[in-house]
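The structure is shown first.

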Amino acid sequence: MTNLPDSVLSEAVTVFADVGGRARDLALAAHARWGCAIDLIDLDAKGRFPASPSSWLSHYRADLIRAGVPADRIRDVGAASDLRQIDLIANLAGFGDVFKIKYLEPVLQKLLEGGARMVMDVRAGSGAFPFLKPYGTNAPLATHTTDGITITRILFRAVPTAAPLVASPWAAIARDLAGDTGFYRENPDHSFLFIKRGDTLIVTFDNLDIAMEKREDRRPWGFSFIEKQGFSMLGVMANGWTWYRDPWVWQQFDDLRESGFFAGFKRVVFYGASMGGYAACAFVPACPGADVVAISPQSTLDKRLVPWETRYQTAWGRDYSGPYGDAAQVSKVAGRVTLLFDPYEPLDAAHVARFDGANVMKLRTPLMGHRLGSSLQQMGILSQITLGALNGTLTELEFYQTIRARKTFQRYQRELFKRALAKGRTGLARKLGRWVLTRGDNRYIRKEMLEL
């Protein structure tokens with residue numbers, strides 16, 4: 001502990017954590033001074049929790065016990081759900097030095113809650129200093145050179161208000177919904193809410209801003225419908241238009257897969273629309289064989305793969321690589337992938353065309369637009385279609401019979417009328433207008449008919 005300043009030594013430590021197992025002496029010194037618990041955080045070089053415990057854990061634990069640390073004061077951390085707030089963290093010869101600093105981010109938020117301190121090694125040119133800047137402040141403790149590269153050991157102190165977590169109103173709602181049998185996890189940009197009910201699990205994806213500001217019940221998309229069916233629900237929320245491209249999100253799905261969470265259900269379905277539709281297709285590899293139901297999904301926003309995509313510029317620069325990246329490719333491990341889209345929306349149709357797996361069922365909803373989920377809901381048929389899709393019983397014949405209801409739907413009538421006029425088919429437009437107006441009213445068509 002001699003490398004630490006008096007200001008740190010004077011602050012009691014209840015929990016000490018070693019990230020990666022390279023600070024045994026510091027862990028022993030911390031326990032000797034404060035009698036603190038010791039968390040051994042097992043991460044691989046890419047910041048992921050290994051499928052099985054790393055070999056260093058058993059040796060480290062044995063050394064601590066031989067040195068007099070009670071076994072019940074030592075805790076192995078091998079999953080994101082095991083992380084807790086820490087007082088003093090050691091990250092020596094690890095992330096920011098030997099490994100890339102960005103891979104520390106998924107666990108950093110939880111570890112640094114409440115203004116924790118961290119002793120870490122920073123390699124010159126690693127980008128660790130700008131990476132840490134939003135989280136707090138640092139002070140150099142010592143410097144040495146290895147192979148001509150300067151490495152600085154620093155004391156980093158988190159600012160309690162830095163990088164705030166997801167808005168507290170939602171956190172309070174979510175924890176209440178999770179109850180004693182579910183769980184809630186969060187970082188500043190995303191959250192996972194699990195509500196346990198039946199043996200069918202629906203994994204949904206939604207935007208927190210929409211849920212909190214545009215829905216009276218402030219619930220995730222599809223919540224009431226899923227609750228009514230008695231299905232369990234895992235709601236993944238994005239705090240903004242992120243397309244869920246966050247290593248923390250990927251790590252949560254890795255953890256759920258490796259912990260056997262998905263295996264506890266007889267049926268699992270990933271479900272979402274637009275950005276959420278992309279995510280439903282992209283994250284299904286966490287549960288191979290699960291079904292997907294996606295409405296107007298994107299396949300990716302990687303401009304190298306979809307240079308024709310002109311929307312969603314805010315998310316173009318994100319990383320769409322990896323096992324949860326290109327939804328059109330990675331969703332081939334799913335059971336059935338059901339895609340609902342409007343073939344007359346050229347960008348939506350282009351994305352759907354990239355899904356070429358044998359497991360894909362493409363359901364065309366002409367002239368319903370990108371927000372066709374809202375249109376189907378207004379028509380009163382979204383629940384029927386969705387239930388069939390989620391149960392795996394929906395057939396193409398049943399779907400196309402059901403959407404015949406669009407003939408009396410005003411948006412569909414309007415778009416069909418406009419399309420006839422755009423093609424110079426004035427006579428056809430008049431015939432359509434008369435058909436519509438003798439069976440009801442359509443304000444747009446009524447006004448246009450007066451000008452024909």
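This is a predicted model: local features need pLDDT of at least 70, side-chain atom pairs count only at pLDDT 80 or more; totals for chains, interfaces and linings use all residues.

Helix H9 gives six residues to the lining of the second largest pocket, the largest share of that lining. The pocket holds about 730 Å³ of space. Of the 29 residues that line this pocket, Tyr103, Asp246, Pro247, Trp250 and Asp319 are the closest to its centre. Two elements give two or more residues to the lining, namely helix H4 (105-111) and H9. By residue class, the lining of the second largest pocket divides into 11 nonpolar, seven polar and 11 charged residues.

Asp246, one of the residues closest to the pocket centre, lies in the loop between strand S11 (232-238) and helix H9 (247-258). Its relative accessible area is 8%, so Asp246 counts as buried. Leaving aside neighbours within four places in sequence, Asp246 is in contact with Asn187, Asp189 and His190. Phe16 is 230 residues from Asp246 along the chain, and the C-alpha atoms of the two are separated by 27 Å.

The loop between S11 and H9 also holds Trp243. Most residues other than glycine have a negative phi. Trp243 has a positive phi, and Tyr312, in the loop between strand S13 (291-295) and helix H11 (327-330), has a positive phi as well. The table lists the values for these two residues.

| Residue | Phi | Relative accessible area |
|---|---|---|
| Trp243 | about 55° | 2% |
| Tyr312 | near 60° | 19% |

Why do both count as buried? The cut-off is under 20% relative accessible area, and Trp243 is at 2%, while Tyr312 is at 19%.

In soluble globular proteins, nonpolar side chains tend to be buried together. The largest nonpolar core in this model has 48 residues, and the members that touch the most others are Val203, Phe205, Leu234, Phe253, Phe262, Phe270 and Phe283. Helix H10 (residues 275-282) gives the most to this core, with six residues. A second, separate core has 39 residues, including Trp170, Ile195, Ile202 and Leu376.

Which residues is Phe270 in contact with, leaving aside its neighbours within four places in sequence? Among them are Val203, Phe205, Phe253, Phe262 and Phe283, which are also listed with Phe270 as touching the most other members of the largest core. Further contacts of Phe270 include Ala280, Val284, Cys287, Ala290, Val292 and Val293, and Asp291 is in contact with Phe270 too.

Technical notes: Residues are numbered from 1 along each chain as its sequence is written. Side-chain values use heavy atoms; hydrogens and water are left out. Helices (H or I, at least four residues) and strands (E, at least two) are DSSP runs, numbered from the N terminus. Buried means under 20% relative accessible area, exposed over 50%, partly exposed in between (1.4 Å probe, protein chains only). Contact means heavy atoms within 4.5 Å. A nonpolar core is a set of buried Ala, Val, Leu, Ile, Met, Phe, Trp, Tyr and Cys residues joined through side-chain atoms within 4.5 Å. On a 1 Å grid over the protein atoms alone, a cavity is a set of points where a 1.4 Å probe fits but cannot get out, and a pocket is an open set with protein on both sides within 12 Å along at least five of seven lines; lining residues have an atom within 4 Å of a point. Grid points are joined across faces, edges and corners, and a volume is the space filled by probe spheres set on the points. Ala, Val, Leu, Ile, Met, Phe, Trp, Tyr, Cys and Pro count as nonpolar, Asp, Glu, Lys and Arg as charged, and the others, Gly among them, as polar.
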